Structures are given as structure tokens and as C-alpha cells.
Amino acid sequence: METGNLGRVDYISEFEFDLFIRPDTCNPRFRVWFNFTVENIRETQRVIFNVVNFSKTKSLYRDGMSPVVKSTSRPKWQRLPAKNVYYYRCPDHRRNYVMSFAFCFDREDDVYQFAYCYPYTYSRLQHYLASLERRNLPYLQREQLGLSVQQRRLDLLTITNPDHLSPDREKKLVFLTARVHPGESPASFICQGVIDFLVSQHPVAQVLRDHVIFKIVPMLNPDGVYLGNYRCSLMGFDLNRHWQDPSPWAHPTLHAVKQLIVQMNQDPRVSLEFYIDVHAHSTMLNGFMYGNVFEDEERVQRQAVFPRLLCQNAPDFSFSNTSFNRDVVKAGTGRRFLGGLLDDTSYCYTLEVSFYSYMTAGSTAPVPYTEETYTKLGRNVARTFLDYYKLNNFIKDNRPTHIQSSEVMSQTGDGNRKGNGFGRDAADREREKSQGVRH
């Protein structure tokens, strides 16, 4: 099974099974992602599954997270009730942390599937990209940037008004990558949300395509995704530690992306404005960002602008969880390496989203993420680029004033949010924010 992961099952009784996660290929250190099916059950059979060999002790299972389940007759993923999930140190397993969940099977002919989080497979991405291609959109280009070690496609999407691609034009470029860590499936839903928005007929998307070139690599580690690894490639490498010197044979996908970015950065007509690498986080709530640390205070302030604007568009994004660091172990990450390579007008971020849930300003309990709300965060990331460029006067706000923010919201399914869209300029919102005005 694609993205499947289950190493071993110990039969304790007909009501209880110990489950062992298979470590990442060629790397015994990482055991987090699981994804398996159960069949041949008896109706009303109650079973306890114990996942006994997680490699991390700190986990969102402490905060109420639960695995997801679907079955052949109910193909939509849903989370198990938190009351059926227990996370504890177990004396039977050398006091390791164990996650136990109870489940009552109800249909004998169904095949049930359980996973750490909503899976998003390599095949799913290929079907999605093929369906985009069939639409023959003039502003969307798909190309194969390279192949993985096991010869899977490394796809690159370019989204922009085709007039931009003439060699003599100045180009403002936004580069986005996802799934360097294969178990972080929410990153793919966010990435799909970004793409869906940017190729839509939404007025914001049209303005962005007229001014900016978006280049997106939706799956940097297709082999790891296919194999059901949590963090590594087929050969056991955490690719997000090898940006400084990727090998064309050991890290071919990373090598191809880095080569493209370096090559574009050498073109005097290309201004690489943003690099965003999308991840999922196993211990924090909400969406948030990591950025780099700079000596220059003015640059530090400029780097905080995009996350602040995103905060206003996405109720699940947390500016207080956003942080800027220069941790030595992070030196080989895309954000850190490209932050050093690109000039001081470029911004490099890691966008993180919780595997589990988010708190909003008014909520008292965490709201679990769904596939749809992950995708919605992606759409909100995409629309934030317009606010950013308007704030910097690169895009003039000359769209017809009759487009009210409520109309804009309804077109992206965000109608339940208060309109902070086009009625007020992004600069006004920033000023109001600094003056403590709340909406």
C-alpha cells in the first residue's frame, strides 16, 4: 500500500494487538508515521491497538490528538474520538511511550484503514497535476524537473501570466516547496490550497498572476512519500539537512531544485522574493513560521511583515508561535541555506502547521484540522501575497471598488470570516494594527 507503514503485529488476544512502526528505510532513528489496513473482522468486535515503538516521546497525543480512520463503505477520513485514545509510559515496553486506541468494528465486509494523519500519496499528486494539465490553462506550466532515486517524477509548476516569461522582462518570483519530510502530509494539502487559489478565476489570483511568477515543487521527496517514511528519503537521508551540498546521485531531487534556484538567482532580471518550505509539526498547535535571524534590525522588521499579514487572513495562523532562529542543527535546511545565498530583499521561511489542531482568538478548546481546513490555510497563504505587494506599492489597488470583501470571501469559501479584504488597503490594516485597532 502506498505510504503504508506497519512493521510488525504481536497478537496479545483477540481483543488486543501490539503494533510496531517500521523505521524509515535505511534509518532506524525515525518511527512516527503509521498507515495500515485491517480486514477479516467480526461485527461488533472491540479491539485495542497499542502502537509501542514511537521514536519521539513528546507528542500531540498528550493534547488530545487521535489517529484517523476510514473504511470501504465510509471513504472520508475522520478522527477517532479522543476519549478512545491513551498516551502513556508503559512498563511492559521498557517504559517507552505507547499510544493505545480502542475501536469497535461494525461492518464485516469493510476494510478499515488507520493512519497517523490524513495521507496524501504520490499517486494522488500525479492525478491532481494531470487534472490541472487537462484544463489547458495558459498561465499554468507543468514540467519534470528531475527524477528521484527510484525514478519518480519531481514536478515543477510555474503559475503566471505568460507575458511574464519573455526573457527581457523583470521577474518577481515566489518559490514554494513541500514534502521534503514525507510523513508531513498536511504540507501537501496546504500546497494544493495554494495552487488551487493561484490557478482560480478569483480576482486576487488574477492580479497576482499579472505581477508575480510562482514556482512550486509540490513533493520534494517522492520516494519517501511512496515508501511510508516519516522523515527520510529511500537511502535514509533527511534531505532538509543537505541543502549545502546535495549529491546528484544520493539527493537528486534536492540537487535539481537547488540548481534551479541558484541558476535563477544568477539572472539579473530575476528577483527571487520569497522561498517558503511547507512542513507539519508534531508537537505544536496552529500554523506558524520559522524565519532567519539578521543583525540588521530593519531587515528583521521587514521579515516579520508577511507572517503578520498572514495572521490577519488566516484565523488558524499564530504569530506568537512564529520565531526567527539560527540554530546550528538547522544549517542544512532550505530556509537557512537559501537565506544565506539570496540577497537581503529575499525572505526565506519554513511554514509549519500542526498535525492536530488550532486555537483561534475566541476558542477555548483546540479545533482539529481537516483536509479542508489545511487546504484553506494554503489559499490564505496565497492571498496574503497580494496584501504584501500592495503594502510595498508594487501592486496598486486599482481594482473596481464594487468588489466587496464578502464577495471575495464567498468565492473562496471563507464567507464566515469578517471582511478584511479589499475595502481597506493592507497598509491601512498594518497602521490600524500598530495603533491597536481591532476588527
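1. The sulfur of Cys26 lies 9.1 Å from the closest cysteine sulfur, that of Cys232, which is too far for a bond. The structure as a whole holds zero disulfides, a disulfide being counted as a pair of cysteine sulfur atoms within 2.5 Å. Cys26 counts as exposed, at 62% relative accessibility, and Cys311 is partly exposed, with a relative accessible area of 24%; here buried means under 20% relative accessible area, exposed over 50%, and partly exposed in between, with a 1.4 Å probe and protein chains only.

2. On the basis of these points, the model is a predicted one, in which local features need pLDDT of at least 70 and side-chain atom pairs count only at pLDDT 80 or more, while totals for chains, interfaces and linings use all residues. Residues are numbered from 1 along each chain as its sequence is written, and side-chain values use heavy atoms, with hydrogens and water left out.

3. A search of the whole structure finds 14 salt bridges, each defined as a side-chain nitrogen of Lys or Arg within 4 Å of a carboxyl oxygen of Asp or Glu. One of them pairs Arg8 with Asp10, with the closest N and O atoms 2.9 Å apart; Arg8 is partly exposed at 44% relative accessibility, and Asp10 is also partly exposed, at 24%.

4. Arg74 forms a salt bridge with Asp110, in which the closest N and O atoms are 3.2 Å apart. This pair links distant parts of the chain, 36 residues apart, since Arg74 belongs to strand β6 (residues 74-79) and Asp110 to the loop between β8 (96-104) and β9 (112-115); helices (H or I, at least four residues) and strands (E, at least two) are DSSP runs, numbered from the N terminus. Arg74 is partly exposed at 26% relative accessibility, whereas Asp110, at 7%, counts as buried.

5. Strand β6 also contributes Lys76, whose side chain meets that of Glu372 in a salt bridge (3.0 Å, N to O). Glu372 lies in helix α9 (residues 371-391), so the pair ties together parts that are 296 residues apart in sequence. Glu372 itself is partly exposed, at 46% relative accessibility. Elsewhere, salt bridges that share partners join Glu133, Arg142, Arg153 and Asp155 into one network.

6. In helix α8 (residues 334-341), the buried residues are Gly334, Arg335, Phe337, Leu338 and Gly339. The elements that cover these buried residues include α5 (252-265), α6 (297-303) and the strands β14 (270-281), β15 (287-292), β16 (323-325) and β17 (347-354), where contact means heavy atoms within 4.5 Å.
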